[in-house]
Protein chains: 2
Amino acid sequence: MPQRKRATIREVAKATGLSPAAVSYALRGMQVSEETQRRVRRAAAELGYEADPIARALASGRTGMIGVLCGSLEDLWQQSLAVGIGRTLREKDHYALILDAAGDPDRESTLARQLRGVDGLIVQPVDPAAAFWAQLADSLPIVVIGDALKDARTAAEVVFDNHSGVTMSLEYLRAMGHRRVAVLTPTRAGTPDRPADRHVTDEAQRLGLEIEVVTCPQGLAPATEVARAILGGQDRPTAVFCFSDSIAYGVLMAANALDLHVPRDVSVMGYDDHPMSELLGLTSVNWNLDGIVQAAVRLVIAAADGTIRRRRITQEPFLRDRTSVGAV
Amino acid sequence: MPQRKRATIREVAKATGLSPAAVSYALRGMQVSEETQRRVRRAAAELGYEADPIARALASGRTGMIGVLCGSLEDLWQQSLAVGIGRTLREKDHYALILDAAGDPDRESTLARQLRGVDGLIVQPVDPAAAFWAQLADSLPIVVIGDALKDARTAAEVVFDNHSGVTMSLEYLRAMGHRRVAVLTPTRAGTPDRPADRHVTDEAQRLGLEIEVVTCPQGLAPATEVARAILGGQDRPTAVFCFSDSIAYGVLMAANALDLHVPRDVSVMGYDDHPMSELLGLTSVNWNLDGIVQAAVRLVIAAADGTIRRRRITQEPFLRDRTSVGAV
DNA sequence: TCGTATCAGTGAACCGTTTAACTTCAGGGT
DNA sequence: ACCCTGAAGTTAAACGGTTCACTGATACGA
């Protein structure tokens, strides 16, 4: 590679007859006179100088990069989340380093621990109960989305009121006359049940629902596999409640393949409400993606700047009633 | 923030009674004896030492980061591409810095130029004809996906045979009896027509098709708007050919809203073949996402290592025949 | 007139690695 | 006994900024 050499701060200093320090200050609008600032800026522009972010990071201890560790990017909703966070961070002069745990707690642990050179971390945890979070949290400001981490002093939390989301879903299914419902929840190998999963069981009991909980990888193809087994068996449930829209899409695929009509033969309920769900008529629980993105980014930057201590924001869901759930 | 201090290489050196340089070499398995390597590794593990990537980057000139500049992440297919590239890079010990031009050539230019501190760039260009690419290409190895850049000495190109893709789509529509077809192509403000767009016009002429080309933003909501106008007007075309599946989804939305049945009332053809298209029965042109991801990653790393000079890989499409296109 | 605060800018240390060039020493060939 | 070689480490200079502590000069009030 030819690798054209870029101008350094020293060359700008030479060109203006100033010291490198003065140039550094001038370009960031500190300490030096307006007049000199202009001179420096002009010289920098002429030389095509732009500060090397690496060197700057080493010296200043800040990189302008925020880690974004996603539970599983196979999930379209999380993809949207990541994209939104990336865009919003960029608007505030930061970069997103997007990482994918792929639903695997080990991978998550590895990624989180290897992570260095970022000013903060936004994470949607696979295993919020893992021990390493606490350790990580006091070397790095963390903003967590979804489930709060176990005894980690995170900088901020944007938690979902899954309790409420689960209750409204199950009550709705019950109201539509369903009694036997399958629950598809994302696989998290080696992770203890999430509070949300436990809550499903509790609520089902309260409502007199007969449920069968099955774990299922995110992603269309694998979810279709799993759903096929459930819908294809004898004694098929009248409804399937999926803990992500992506999984629900898999269920719709399987229903298609088995020539089952939704919602006549089987009802399907999603969770997250991805834009595509509108097109597919999937009834789902909406989590206000945009609000979450804005909040998470605002909080992580504030935390990196040290302008907040702790903060907790709770998201309330609402049920988006479409056509994939019918009365039995 | 408490910001627990991390061990430096000097401390490891002190602990082992070696020089920092020896430690550096040892941890990378160079120059020093097996015996010493073991000692160093053990000490490092005990102290919880792990090299600071920033300092390493400054000294070595390599960051292990690859920029991934996407044309528009509103497009689900490009989202999948970005996610795939991110995952694959991570497997090869690199990080992806994902950037979104959002279909805007200015934004693309800004992002590309500001980009520093990466070892290479994978780009799916909005405006392949822009002048700055050439300049960028000789300060950074670039792998381009989609359309080749204009006179830039890119390290590698994974180009799509759009010529072929367009021809097979149009011929298929023609064979199904369509004559009046609307073409929806992503907006690229201020950009001259892509070769692919021109080819559409040429082929339409050759096939005796009466086409209307309309630009349209990526993303479900805006595409639906545009499609609504087209499908809602009098003299509605019998088929719509979309230059991305995401746009096609918008068309399906609009058809739904207008109570038009697909394909009875209107046929819809996509481009890219996103996994969701299977579920939606969208007939589309498949581009082998996975192969592209693998190729791009392999090439960009090779280019960053300086082990390739130039390379061009051409992707051939095939038509995935589903149910959204019918005979008139 | 003197002391002192303020402003504009300087010099040098520092951030934590890598790497080129050099030293030291043991072993081998002649 | 001598030179050469290679292995195992060491030294010190980068890498390209930021920032702390300081200097001179100018203005200011008493």
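Okay, housekeeping. The model is predicted, so local features need pLDDT of at least 70 and side-chain atom pairs count only at pLDDT 80 or more, while totals for chains, interfaces and linings use all residues. Residues are numbered from 1 along each chain as its sequence is written, chains are lettered from A and ligands numbered from 1 in the order in which they are written, and side-chain values use heavy atoms, with hydrogens and water left out.

Let's start with the annotation. An unreviewed UniProt entry puts "domain: HTH lacI-type" on residues 7-60 of chain A; positions are in the numbering used here, feature names are shortened, and annotations may be inferred rather than shown by experiment. Over residues 7-60 chain A is 70% helix and 0% strand, and the end C-alpha atoms sit 20 Å apart. Helices here are DSSP runs of H or I, at least four residues, and strands are runs of E, at least two, numbered from the N terminus.

On to the sheets. One is open, with 6 strands of chain A in the order β2-β1-β3-β4-β5-β11, paired parallel; pairing takes at least two DSSP bridges between two strands. Edge strands β2 (95-100) and β11 (311-315) of chain A have a single partner each, so one side of each is left without a neighbour in the sheet. From one strand to the next, the twist averages 15°. Strand β1(A), residues 65-70, pairs with β2(A) over 6 parallel bridges, and M65(A) stands opposite Y95(A).

Which helix packs on this sheet? That's α13 of chain A, residues 289-305, touching β1, β3, β4, β5 and β11 of chain A, with its direction at about 165° to that of β5(A). Contact means heavy atoms within 4.5 Å; axes are lines fitted to C-alpha atoms, for helices over the stretch in contact, and angles run from 0 to 180 degrees between N-to-C directions.

Next, the other sheet: 4 strands of chain A, open and parallel, ordered β7-β6-β8-β9. Neighbouring strands are turned by 20° on average, direction ignored. Strands β6(A) and β7(A) pair over 7 bridges, with L184(A) opposite V214(A).

Last, the two copies. The same surface serves both copies, as 100% of the contact residues of chain B recur in chain A.
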